[in-house]
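Let's take a walk through a protein chain together.

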Amino acid sequence: MYVCLCQGVTDGQIREAIMEGCCSYREVRETLGVASKCGKCACLAKEVVRETLTELQTTQAALAYPAEFSAA
Ligand code: FES
């Protein structure tokens, strides 16, 4: 789905940028140019960034402590 129509940025591209090393909304904006024109997409873009970072942290936490999860 398109998040930023001005720059043609999709939610998939935002997720990909985070997987490739962006760790904040600011970094995603600098990398993809999202929300750099009219700015109407800023809220949605931030939400996608927040969601993706949370998913990533949850996944990493599960990988970091596998014994804790399997012991329960
Ligand atoms: S829709 Fe993203 S800057 Fe306009």
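A quick word on what you're looking at. This is a predicted model, so local features need pLDDT of at least 70 and side-chain atom pairs count only at pLDDT 80 or more, while totals for chains, interfaces and linings use all residues. Residues are numbered from 1 along each chain as its sequence is written, and side-chain values use heavy atoms, leaving out hydrogens and water.

Now the overall layout. The chain has four helices and two strands, arranged along the sequence as β-β-α-α-α-α. Helices (H or I, at least four residues) and strands (E, at least two) are DSSP runs, numbered from the N terminus. Of the 72 residues in the chain, 28% are buried; buried means under 20% relative accessible area, exposed means over 50%, and partly exposed is in between (1.4 Å probe, protein chains only).

Let's head inside. The largest nonpolar core has 16 residues, and Ile14, Val28 and Val34 touch the most other members. Strand 1, helix 1, helix 2 and helix 3 each put in at least two residues of this core, and helix 3 gives the largest share, four residues. A nonpolar core is a set of buried Ala, Val, Leu, Ile, Met, Phe, Trp, Tyr and Cys residues joined through side-chain atoms within 4.5 Å. Take Ile14: not counting residues up to four places away in sequence, Ile14 touches Val3, Val9, Val28, Leu32, Ala45, Val48 and Val49.

Next, zoom in on helix 1, residues 11–19, where Asp11, Ile14, Ala17 and Ile18 are buried. Seen down the axis, these buried residues fall within an arc of 120 degrees (taken from the directions from the helix axis to the C-beta atoms), so they line one face of the helix. They pack against strand 1 (2–4), strand 2 (9–10), helix 2 and helix 3.

Which residue does Asp11 form a salt bridge with? The partner is Arg15, with the closest N and O atoms 3.7 Å apart. A salt bridge is a side-chain nitrogen of Lys or Arg within 4 Å of a carboxyl oxygen of Asp or Glu, and the structure holds one. Both residues sit in helix 1, four residues apart, about one turn of the helix. Asp11 is buried at 17% relative accessibility, whereas Arg15 is partly exposed at 25%.

Leaving aside neighbours within four places in sequence, Thr52 is in contact with Arg15, Ile18 and Met19. Thr52 is buried, at 1% relative accessibility.

Last stop: the backbone. Most residues other than glycine have a negative phi. Ala35 is not a glycine, yet its phi is positive, about 60 degrees. Ala35 lies in the loop between helix 2 (25–32) and helix 3 (42–64), and is buried, with a relative accessible area of 15%.

Methods:
Contact = heavy atoms within 4.5 Å.
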